[in-house]
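These are my notebook entries on a structure that I had not examined before. I set down what I looked up, entry by entry.

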Amino acid sequence: MPVHERRRRLSPDERRAQLLSVGARAFAARPYEEVLMEEVAEQAGVSRALLYRHFAGKHELFAAVHRQASDELLARTRFDPADSLVEQLIEGLDAHLDYFIANRHTVLAANRVLAGDPVIQTIITEELDALRGRLLTVLPLADEGARLAVSQVLRSWLVFVRVLVVDWLTEPSCTRTELRDTCIGAVLGALRPLLPVDPAPEWGR
């Protein structure tokens with residue numbers, strides 16, 4: 001970053017956004033344990049005191065980065081009843097895979113290094129719940145009983161996708177397209193017995 005940009009006075013919101021951007025790049029570039037707050041401050045062109053004024057520590061910075069990424073992914077994942085279910089699943093999975101691949105270290109930190117952390121896990125759970133709720137709005141449900149059953153299937157499927165993708169990031173065993181299509185095939189196979197009509201007749205059984 002040019003010196004004149006580093007030294008430009010920013011509003012508190014602008015500074016926080018800048019620090020989040022720098023933090024996001026740092027966590028994406030290296031494993032969580034190798035990221036140092038001192039280096040984040042240096043890359044942002046601010047003092048450590050200023051960085052700590054916005055974020056009490058590395059965990060708080062990471063949580064804010066992860067929350068922002070989760071919000072952005074939700075914003076990019078739309079479910080439109082005008083599109084086919086498969087089209088919507090492809091769009092949503094592609095948006096997430098794009099982020100996961102570009103930010104491998106961040107994803108592994110959230111799902112492995114900080115797997116037991118309540119703050120990080122709350123962010124993940126809230127995103128999965130939001131995705132489940134959106135999917136429920138575009139599926140043909142016969143009644144409230146079907147809604148409950150489908151909701152349970154979707155909750156389990158989203159966890160399955162999360163675990164499978166994290167394992168794939170650690171040790172890729174198939175292509176990206178094969179990974180995505182495996183996820184789509186899994187949810188279609190699980191949903192078909194619960195829905196009054198096939199949600200994706202164009203997708204082979």
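**Entry 1: His66.** I looked up His66 and found it in helix 5; helices (H or I, at least four residues) and strands (E, at least two) are DSSP runs, numbered from the N terminus. His66 is buried because its relative accessible area is 11%; buried means under 20% relative accessible area, exposed over 50%, and partly exposed in between, with a 1.4 Å probe and protein chains only. Setting aside neighbours within four places in sequence, I listed Thr106, Ala110, Ile120, Ile123 and Ile124 as the contacts of His66, a contact being heavy atoms within 4.5 Å. I also noted that His66 and Arg112 are 46 residues apart in sequence and 14 Å apart in space, C-alpha to C-alpha.

**Entry 2: source and confidence.** I record that this is a predicted model, in which local features need pLDDT of at least 70 and side-chain atom pairs count only at pLDDT 80 or more, while totals for chains, interfaces and linings use all residues. Residues are numbered from 1 along each chain as its sequence is written, and side-chain values use heavy atoms, with hydrogens and water left out. The pLDDT is the predictor's confidence in each residue, from 0 to 100. I read a mean pLDDT of 92 for the protein chain, with 95% of its residues at 70 or more. Where in the protein chain is confidence lowest, and where highest? Helix 1 (residues 3-7) is lowest, with a mean of 44, and helix 3 (residues 37-44) is highest, at 97. Over residues 1-6 the pLDDT stays under 50, and for these residues the model has seven contacts beyond four places in sequence.

**Entry 3: the whole chain.** I counted ten helices and zero strands in the protein chain. The C-alpha trace spans about 60 × 35 × 30 Å along its principal axes. Of the 205 residues in the protein chain, 44% are buried. Among contacts with a separation of 6 or more, 65% join residues 24 or more positions apart.

**Entry 4: Arg67.** I turned to Arg67, which also lies in helix 5. Is Arg67 buried or partly exposed? Arg67 counts as partly exposed because its relative accessibility is 30%. Leaving aside neighbours within four places in sequence, I found Arg67 in contact with Ile123 and Glu126. Arg67 and Thr122 are 55 residues apart in sequence, yet 9.7 Å apart in space, C-alpha to C-alpha.

**Entry 5: helix 2 against helix 5.** I noted that helix 2 (residues 12-29) has 18 residues and reaches 26 Å from its first C-alpha to its last, close to the 26 Å expected at 1.5 Å a residue. The expected span is 1.5 Å times one less than the number of residues. Helix 2 and helix 5 (residues 58-76) pack at an angle of about 95°, with their axes 9 Å apart; axes are lines fitted to C-alpha atoms, for helices over the stretch in contact, and angles run from 0 to 180 degrees between N-to-C directions. The two helices are therefore roughly perpendicular to each other, since angles under 35 degrees count as roughly parallel, over 145 as roughly antiparallel, 65 to 115 as roughly perpendicular and the rest as oblique. Helix 2 contributes Arg16, Leu19, Leu20, Gly23, Ala24 and Phe27 to the contact, and helix 5 contributes Lys58, Leu61, Phe62, Ala64, Val65 and Gln68. The buried residues of helix 2 include Leu19, Leu20, Gly23 and Phe27.

Entry 6: I checked the 27 residues of helix 9 (residues 144-170): at 1.5 Å a residue they should span 39 Å, and the end C-alpha atoms are 39 Å apart, which agrees. Among the buried residues of helix 9 I listed Ser151, Leu154, Trp157 and Leu158. The cover over the buried residues of helix 9 includes helix 6 (85-102), helix 7 (104-113), helix 8 (118-138) and helix 10 (176-191). Asp143 caps the N-terminal end of helix 9, with a side-chain oxygen 3.1 Å from the backbone nitrogen of Gly145. Arg132 is in helix 8 and is buried, with a relative accessible area of 13%. Not counting residues up to four places away in sequence, Arg132 touches Ser151, Leu154, Arg155 and Leu158.

**Entry 7: Arg180.** I located Arg180 in helix 10. Arg180 counts as buried because its relative accessibility is 16%. Beyond residues up to four places away in sequence, Arg180 touches Ile90, Leu93, Asp94 and Leu97.

Terms used: A polar contact is a pair of N or O atoms within 3.5 Å; within protein, one must be able to donate a hydrogen and the other to accept it, and residues adjacent in sequence count only if both atoms are side-chain atoms.
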